[in-house]
Each structure stands twice: as structure tokens, then as C-alpha cells.
Amino acid sequence: MSEPDHPRLLAVVGDGEQPAITAAAERIVGSVSAAIGATWPIRLRFLGADAPAGDAVALVATWVAEAMTATAPDIVEARWRQRIAAWRASGVSRVLLCTLFRQVDRATGDATTVEHIRRLNRAAIALSRAEGIEIVDIDRIFAQVGARTLGPDYRMTGPAAAALAGHAIADALLRGDLG
């Protein structure tokens, strides 16, 4: 009997969000390994938004980089439609997009940034409906816990934010097919 091919998870995120994705992968590995009584690894790879994805069970992405620009959400949505089509054509089964927490560091952001994030989150929902991608509602879960407790802004920085985002992402991944 041959060893099963372990799921490959891709992530299109910035350096600051990588701890959240790593936490999600570790949570899945821990949960599934405990359930089956053996190590069940996930192959995790980080890549740029326009890099070729190749075959993968799931691709998790955030729009943190998009929040740092003033690009109109409809332009962002159109660009991501093309990316999603390319990822699917290369064999990606599932695409999960994380919403952005509507919290901005007062030293580096303002109400305009919060409004831009709100519009990007709405564009993510529209993209989900149009393209069939899954949404990981980071904004909702972070708002429930509270910004003061977590200490992050929309970039998911800090160990508490990475751990909580990791839980939300792992939950979303485990709700679907892991190949």
C-alpha cells in the first residue's frame, strides 16, 4: 500500500500574514494527526499573487497588500478574477479569501483606509458570489474578540492575531475537501 499524497496548501499573503497561515496549517496537521493516530503533514508554500500556482487542494489569500493602496475595489476585484481563473486553470481546487479587519493603526492610517477596507470586504463577497470562492471572515472573528484584546490592525500582526486567524482559516479549510 503506497503512502497517500498529502494535501498541498498555497498561500498568497504578505510576510506579515504568513504566521496566520502557518498557524492554520499547524492546527490542521495537529487535529488530523490526533484523530488518525499518525502524522498527517500538509505541504505549505507561499507565493506571489501572480506566480503560477500549480496543482493544490487549496489556496488561501488576503487582500492586505490591496488595502495599502488606493486602488478602487472594482479594479482589485477584476484583477483577482483573472488570478482566480489562472489558479483554477493550473489545478487549484479551492480558493479562500480572508476579509480584512476594519482596524487601522492610528499612527499610519485614517478613516479613508477604514472605508477602503470596508469596500474591499464587500468586493470580496461579490467575488465569492461570482466566482464561487470561499470567504474566511477574519473581520467578524477579530471584531468579536476585540481590537484591544488582540492588538492588531488589518495586517493581522502579533501572535494573538496570528493564532486567532489561524483558527478561522483552519476551520474554513476543514469544512471543505482537503483532497
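**Exercise 1.** How are α3 and α4 oriented to each other: parallel, perpendicular or oblique? Work it out from their axes.

*Solution.* 
Step 1. This is a predicted model. In it, α3 covers residues 73–89 and α4 covers residues 111–131.
Step 2. Their axes come within 10 Å and cross at roughly 40°.
Step 3. Angles under 35 degrees count as roughly parallel, and 65 to 115 as roughly perpendicular. α3 and α4 are therefore oblique to each other.
Step 4. For handedness, α3 passes α4 in a right-handed crossing.

**Exercise 2.** Which residues of α3 meet which residues of α4? Then sort the contact by residue class.

*Solution.* 
Step 1. On the α3 side, list P73, V76, E77, W80, R81, I84 and R88.
Step 2. On the α4 side, list H116, R119, L120, A123, A126, L127, A130 and E131.
Step 3. Sort them. The contact holds 9 nonpolar, 1 polar and 5 charged residues.

**Exercise 3.** Describe the packing of α5 against α7, using angle, distance and residue classes.

*Solution.* 
Step 1. The axes lie 10 Å apart, at an angle of about 130°.
Step 2. Angles over 145 count as roughly antiparallel. The angle here makes α5 oblique to α7.
Step 3. The crossing of α5 past α7 is right-handed.
Step 4. From α5 come I138, I141, F142 and V145; from α7 come A161, L164, A165, A168 and I169.
Step 5. The classes are 9 nonpolar, no polar and no charged.

**Exercise 4.** Locate the largest nonpolar core and name the elements that build it.

*Solution.* 
Step 1. This core has 29 residues. V60, V136, I138, I169 and L173 have the most contacts inside it.
Step 2. Find the contributors. β1 (8–12), α1 (18–36), β3 (56–62), β4 (92–98), α5 (138–145) and α7 (159–174) each supply at least two residues.
Step 3. Pick out the leading element. α7 gives the most, with 9 residues.
Step 4. Look beyond this core. Another core of 22 residues lies apart from it, with V12, L47, A56 and L59 among its members.
Step 5. In soluble globular proteins, nonpolar side chains tend to be buried together.

Definitions and conventions. Residues numbered from 1 in each chain as written. Predicted model: local features only at pLDDT ≥ 70, side-chain atom pairs only at ≥ 80, totals over all residues. Heavy atoms only, no water. Core = buried A, V, L, I, M, F, W, Y, C linked by side-chain atoms within 4.5 Å. Buried < 20%, exposed > 50% of the residue type's maximum accessible area, 1.4 Å probe, protein only. Helix = DSSP H or I, 4+ residues; strand = E, 2+ residues; numbered from the N terminus. Axes fitted to C-alpha atoms, helices over the stretch in contact; angles between N-to-C directions. Left-handed = near helix turned anticlockwise from the far one by under 90°. Contact = heavy atoms within 4.5 Å. Nonpolar A, V, L, I, M, F, W, Y, C, P; charged D, E, K, R; others polar.
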